[in-house]
Amino acid sequence: MVVATSPDYAPFEFQSLVDGKNQVVGADIDMAQAIADELGVKLEISSMSFDNVLTSLQTGKADLAVAGISATDERKEVFDFSIPYYENKISFLVRKADVEKYKDLTSLESANIAAQKGTVPESMVKEQLPKAQLTSLTNMGEAVNELQAGKVDAVHMDEPVALSYAAKNADLAVATVSLKMKDGEANAVALRKNSADLKEVVDKVIQKLKDEGTYQSYLEKAASLTEVEE
């Protein structure tokens, strides 16, 4: 089973040294392994930039896409999605020195905000902060580097990812201000249309992981690993 992902989004999917080898790890990867185990097949991770993940699924190069993907109405027109496995909250990562500066949406209207290309955080900035300067980048690590270098003022991303970067970088912090999310746009596994049999298995595994608190334990395990930048 080939799973498309973008391993630059700790704690969901990222690269880490495991037993001396650079491997793709994270809560989503553990979930993908659980799905493969249920199906009785070998898991193969296919890494790429986020804006290519769904294309890889659509063209048949991958069987599933697992990359912190929000199941938006627009995406549901093209893909099937599993039941949600993680309820999203999206935050702004800023320089720690600027935390007091960015406390409300007005303060962000004149900011230069980075987001990962093709993501819900990117579209939220476009829709809710149209006066802000948006910098769309393919790699999340690049966006954070731009923030630390003072080239952008904030990076819009899933809150667990923002907290992960803040925990590992003393000069960064998560702002208290946030944009409004649409209801129902939780993270889910993407499948090609008309994948009813596969979706049934994926949903079964996800429901079990949620009921037993296993996905949360995957997140906690991932937080203890060190991310390796490409």
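The model is a predicted one. The domain assignment divides the protein chain into domain 1 (2-87 + 186-224) and domain 2 (90-174). The contact draws on 15 residues from domain 1 and 15 residues from domain 2.

- Strand E5 (residues 44-47) pairs with E1 in the parallel sense, over four bridges. Within this pairing, Glu 44 of E5 stands opposite Val 2.
- Strand E6 (residues 64-65) also runs parallel to E1 and is joined to E1 by two bridges. Here Ala 65 of E6 stands opposite Ala 4.

- The C-alpha centres of domain 1 and domain 2 are 24 Å apart.
- About 1200 Å² of area is buried between domain 1 and domain 2, and carbon and sulfur atoms give 54% of that area.
- On the side of domain 1, the residues that lose the most area to domain 2 are Asp 8, Tyr 9 and Phe 50, which together account for 45% of what that side buries.
- Strand E2 (8-9) and helix H2 (50-58) each supply at least two residues of the side of domain 1 that touches domain 2.

**Polar and charged pairs across the interface**

- Four residue pairs are in polar contact across the interface of domain 1 and domain 2.
- The count of salt bridges between domain 1 and domain 2 is zero.

Conventions:
Residues are numbered from 1 along each chain as its sequence is written. This is a predicted model: local features need pLDDT of at least 70, side-chain atom pairs count only at pLDDT 80 or more; totals for chains, interfaces and linings use all residues. Side-chain values use heavy atoms; hydrogens and water are left out. Two strands pair if DSSP finds at least two bridges between them. Domain bounds come from an automatic or database domain assignment. Contact means heavy atoms within 4.5 Å. Buried area is the accessible area (1.4 Å probe) that two parts lose on being put together, summed over both. A salt bridge is a side-chain nitrogen of Lys or Arg within 4 Å of a carboxyl oxygen of Asp or Glu. A polar contact is a pair of N or O atoms within 3.5 Å; within protein, one must be able to donate a hydrogen and the other to accept it, and residues adjacent in sequence count only if both atoms are side-chain atoms.
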